[in-house]
Every structure is written in structure tokens, then in C-alpha cells.
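Hello,

Here is the structure I promised to pass on to you. Please open it alongside this message, and the notes below will walk you through what turned up.

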Amino acid sequence: MTTWWQSLPTDLQIFYGIGSIALLFTVVQMLLTLIGLGGEAVDLDLEFDGPDTQHSSGIGLFSTQTISAFLLGFGWVGGLTRASGMGLALTVVVAFVVGVALMFLMVYMLRGLLRLQSKGNLDYSSAIGEEAVVYVTIPGSNNDEGGQIQVMIQGRLKTASARKASAGALKPGDKVKIVAVTNASTFVVEGLT
């Protein structure tokens, strides 16, 4: 391996060196992300006049992921095109263009992945007016004691506390309509007849 490396011209050693280090860095970054230690993007605080490079997702054009993608493309494409006999100046231009393209592709992919995330917070007030099913008997009284209902909230089946303000108990399996929310997570329901 060292004989092969030493037999390469200096320009190929530089291109392959950049590509190899960027590949190693990218693999380590992916492994750290998989085990939960490297999920956050580190953005470099670089300022320049030009188009907006920061998106509301927090992934900027100059993050560690995008810079490693640029160096990966620049190094390997530069090495391969130079080894195929292309002139040095043209090789640098082609490698730079491919590196920038990979940089923008990485930004696009990371922003797409971030759009797939959900906050996980349920807005109980969005269920007002929806139908639900009694899960645990709801006594018909105006006190704090109540039962439970099962209701779809933002696409999730949720078992939640419920009470009924009017008289008459509601048994498991009865259909109810949600009329209000109290204590941010307790529903007030009325039976459907």
C-alpha cells in the first residue's frame, strides 16, 4: 500500500488524501449519529454577502456535513479525473463543481430529513367536536372524578381522562362527543344518543 502511495504523483496524493480523510470523517460522523452522539449539525459562523444560505431548519450551507461532502467529492473526483489523464487546471475545476454540487445535495437531503420530524406534542383542544368511545366508566356528576375515553388526536389513538358535567353515567363502549378541555389534558364529554 505504501509503495502504491509513494508511486503516485504529488497532485494525486493530494486529491486522494483529501478524499480519504473526508471519507473517514463522513463515516465516523455517520457512526456517531447512529449511536446518538452526533445528530446535531455543527454550523460554522461564516458570513458573506449572497443568497440566503440559512434555512429555518437550522441546516446551513457551511455545516460539517456539507463541508465533508464537498471535500469528499472534490478529493475523489479530482483524483479519478487526474488519474484518467485530464489536465490539472481542468481537474480542479471539475472537482470543485462536483464538490459544490454534493454540498448543495447534502443541504437538500438534510433539510428533507428534518421535515420528516414531528414535534410529538398533542394539542388536546384540536379534538373538541370529535367523537370518542368511553374506555372506563364516566360517572355523571360535576366533580373531578371521571373515567377515560379513547379518541383520535392528530392521527394518534389516545386514551385520555374524561368527565361528564351532566347527570347520568357513561359505560365503556358508549360513543361520546368532546365538548371542552379542562386542565389541558382532561376532556368534558356528552353522550351521543
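Three bridges join strand β1 (residues 131–136) to strand β4 (residues 175–182), and the two strands run antiparallel. If you want a place to look, Ala-132 has Val-176 in β4 as its bridge partner. Please keep in mind throughout that this is a predicted model.

Where does β5 lead next? It pairs with β3 over three bridges, this time in the parallel sense. Put together, the five strands form a closed barrel that runs β1-β2-β3-β5-β4, with mixed pairing. Neighbouring strands of this sheet are turned by 55° against each other on average, with direction ignored.

Two residues in this part of the model may be worth a visit.

- Tyr-135 lies in β1. Its relative accessible area is 45%, so it is partly exposed. Leaving aside neighbours within four places in sequence, Tyr-135 is in contact with Gln-148, Ile-149, Gln-150, Thr-159 and Pro-172. Tyr-135 and Asp-174 are 39 residues apart in sequence, yet their C-alpha atoms are 8.4 Å apart in space.
- Gln-154 lies in the loop between β2 (147–153) and β3 (156–163). Most residues other than glycine have a negative phi. Gln-154 is not a glycine, but it has a positive phi of about 50°. Gln-154 counts as partly exposed because its relative accessibility is 46%.

Now for the helices. Helix α4 spans residues 88–115, which gives it 28 residues. From first C-alpha to last it reaches 41 Å, close to the 40 Å expected at 1.5 Å a residue. Which residues of α4 are buried? They are Thr-91, Ala-95, Gly-99, Met-103, Val-107, Leu-110 and Arg-111.

Helix α3 covers residues 64–83, and Gln-65 has its place in it. Is Gln-65 buried or exposed? Its relative accessibility is 12%, and the cut-off for buried is under 20%, so Gln-65 counts as buried. The side chain of Gln-65 also makes a polar contact with the side chain of Thr-64, at 3.3 Å.

Stepping back to the whole protein, there are four helices and five strands. Along the sequence they follow the pattern α-α-α-α-β-β-β-β-β. Of the 193 residues, 27% count as buried. The accessible surface comes to about 12,200 Å², and 62% of it belongs to carbon and sulfur atoms. Among contacts between residues at least 6 apart in sequence, 59% join residues at least 24 apart.

Best wishes

Technical notes:
Residues are numbered from 1 along each chain as its sequence is written. This is a predicted model: local features need pLDDT of at least 70, side-chain atom pairs count only at pLDDT 80 or more; totals for chains, interfaces and linings use all residues. Side-chain values use heavy atoms; hydrogens and water are left out. Buried means under 20% relative accessible area, exposed over 50%, partly exposed in between (1.4 Å probe, protein chains only). A polar contact is a pair of N or O atoms within 3.5 Å; within protein, one must be able to donate a hydrogen and the other to accept it, and residues adjacent in sequence count only if both atoms are side-chain atoms. Contact means heavy atoms within 4.5 Å. Accessible areas come from the Shrake-Rupley method with a 1.4 Å probe; for residues, only the protein chains shown count as cover. The expected span of a helix is 1.5 Å times one less than its number of residues. Two strands pair if DSSP finds at least two bridges between them. Axes are lines fitted to C-alpha atoms, for helices over the stretch in contact, and angles run from 0 to 180 degrees between N-to-C directions.
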